[in-house]
Amino acid sequence: MSNKTAKTNAVRLLDTNNIAYTLREYEVDEEHLDALHVANSLGVNPEGIFKTLVLKTNNNSHLVAVIPADTHLDLKKIAKVSGNKSCELLPLKELLNLTGYVRGGCSPIGMKKLFPTYIEELATLQDKICISGGKKGLQIIIEPNDLCNLIDAHFEDIV
């Protein structure tokens with residue numbers, strides 16, 4: 001980590017819990033905040049880049065999905081595994097207030113509240129995955145099981 005990189009909530013939580021991780025910075029392109037752009041910027045396989053999506057359920061609760069960058073969330077699958085009738089993506093305008101994070105910098109670690117979280121089970125096939133570090137231009141490389149244990153998540157088939 002460079003000296004000028006400010007520690008985010010996500011990084012502080014990793015340090016507090018003595019979890020091994022690597023930070024990678026990349027140049028932010030406001031026109032391309034998607035995870036595939038991040039993979040290209042870092043020179044890593046898109047299968048190892050995971051994006052964080054926040055959802056609202058039919059009963060107005062919230063949950064988090066962490067899925068590979070090159071896949072799409074199956075709303076029916078995540079509703080079923082989470083015990084809800086339906087789920088929809090949280091409107092972007094509500095993201096910062098609910099999580100403390102902005103689009104392109106939303107980490108499953110260190111949100112304002114610990115929401116039920118589901119990580120696509122494909123993560124278990126990777127030695128390490130990249131997730132947002134809690135701000136645009138910062139990625140955390142972490143073992144999937146360490147992430148799962150830290151945020152009390154579940155591995156599920158959700159894509």
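Which residue in E8 is the bridge partner of Ile119?

Author: The model is a predicted one. The bridge partner of Ile119 is Phe155, which lies in E8. This pair belongs to a sheet, and strands of a sheet pair through backbone hydrogen bonds, either parallel or antiparallel. Strand E5, residues 117-120, pairs with E8 in the parallel sense, and three bridges join the two.

E5 and E8 are part of an open sheet of five strands, whose order is E4-E2-E3-E5-E8 and whose pairing is mixed. At the edges stand strand E4 (87-89) and strand E8 (154-156), each of which pairs on one side only. On average, neighbouring strands of this sheet are turned by 35° against each other, direction ignored. Helix H3, made of residues 75-82, lies across E4, strand E2 (50-57), strand E3 (62-68), E5 and E8, and runs at about 125° to E4.

There is also an open sheet of three strands, in the order E1-E7-E6, with antiparallel pairing. Strand E1 (22-25) and strand E6 (129-132) each have a single partner strand, so one side of each is left without a neighbour in the sheet. From one strand to the next, the twist averages 35°. Four bridges link E6 to strand E7 (residues 138-142) in the antiparallel sense. Here Cys130 has Ile141 of E7 as its bridge partner. Helix H1, residues 9-16, packs on this sheet and touches E1 and E7; the direction of H1 makes about 30° with that of E7.

Technical notes
Residues numbered from 1 in each chain as written. Predicted model: local features only at pLDDT ≥ 70, side-chain atom pairs only at ≥ 80, totals over all residues. Heavy atoms only, no water. Pairing = 2+ DSSP bridges. Axes fitted to C-alpha atoms, helices over the stretch in contact; angles between N-to-C directions. Contact = heavy atoms within 4.5 Å.
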